[in-house]
Amino acid sequence: MTTARSLILRSLMLAALAAASSFGVGAEEAKPSPGARAPTPAAIDRNGVLILIRSTLFALDQANRTGNYTVLRDLGSPAFQTNTAARLAEIFAVHRKDNIDLSGIAVLDPQLTLLPQIEANGMMHMAGFFPSVPTQVNFELAYAPVERQWRLFGVSVSIGQAAPVAPPPPEPSPEAQLKGKAPQTAPQAHAAPPAVAPRAQAAPPKGSAPQAQAAPPAAAKVTDQAKQ
């Protein structure tokens, strides 16, 4: 019995559906014959792939929200419909408990990790994820051909990490490290301060004779005039 998180279709390789028994399909029905051919690319365009993925996951989201899995069951193939609505509600109980929200598929484009391929038993198998943030929706789907239409046979949905963490940049080689180093500059020589010439005292201007001191006025000689 598959768990609710892994749900169904954890291994469809070699056309053996690992969760086929959960949908009421016997192992002998899913087992390929000894000379089974290898998987081949499915003849379906991108629009057809988007319609299948979105219609399936929308139906699952509505069923999880309402707890009514009748429509999801009716969209499936006869092998899928061997599950009752109550059985599907039991399988997806963890989705309801964890309140898994799939509404982001309305505006996001799925990234396929496994392109649609036809398995040896004639079923179409594909896988991928919706790169939503902070978590992404991982899905794996299988469809059976019924009256020239692809009808749901198995579905697996889980929530995972939003995106792989980018690896750290590689360490540069020793040669690159040497090239990347800036050449060391020689220590700057401190310029000696310019020698300051002693300031010369201004010489007295030429032609200026020293001032001669004025001679005292000659005293008038008083002559004795003969008194007359």
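Modeller: A helix here is a DSSP run of H or I with at least four residues, a strand is a DSSP run of E with at least two, and both are numbered from the N terminus. This is a predicted model in which local features need pLDDT of at least 70 and side-chain atom pairs count only at pLDDT 80 or more, while totals for chains, interfaces and linings use all residues. Residues are numbered from 1 along each chain as its sequence is written, and side-chain values use heavy atoms, with hydrogens and water left out.

Colleague: What pLDDT does the protein chain average?

Modeller: The average is 72, and 54% of the residues score at least 70; pLDDT is the predictor's confidence in each residue, from 0 to 100. Residues 1–30 have a pLDDT below 50, yet this stretch has 76 contacts in the model beyond near neighbours in sequence. A contact means heavy atoms within 4.5 Å.

Colleague: Staying with α2, how far apart are its end C-alpha atoms?

Modeller: They are 30 Å apart, which agrees with the 30 Å that 21 residues should span at 1.5 Å a residue. The expected span is 1.5 Å times one less than the number of residues in the helix. Just after α2, G67 takes a positive phi of about 80°.

Colleague: On to the strands: how do β2 and β3 run?

Modeller: They run antiparallel, joined by 5 bridges; two strands pair if DSSP finds at least two bridges between them. L114 has A127 in β3 as its bridge partner. The two strands form a hairpin with 5 residues between them, and G122 in the turn has a positive phi of about 90°.

Colleague: How many salt bridges does the structure hold?

Modeller: It holds 5, where a salt bridge is a side-chain nitrogen of Lys or Arg within 4 Å of a carboxyl oxygen of Asp or Glu. One of them joins D109 to R54, with the closest N and O atoms 3.3 Å apart. This pair links distant parts of the chain, 55 residues apart: D109 is in the loop between α5 (93–97) and β2, and R54 is in α2.

Colleague: Is R54 buried or exposed?

Modeller: R54 is buried, because its relative accessible area is 17%. D109 counts as partly exposed at 41% relative accessibility.

Colleague: Which residues form the salt-bridge network with D101?

Modeller: D61 and R65 are linked with D101 in that network. The D61 and R65 side chains meet at 2.9 Å, N to O. These two residues are 4 apart in helix α2, so about one helical turn separates them. D61 is buried at 3% relative accessibility, whereas R65 is exposed at 51%.

Definitions and conventions:
Buried means under 20% relative accessible area, exposed over 50%, partly exposed in between (1.4 Å probe, protein chains only).
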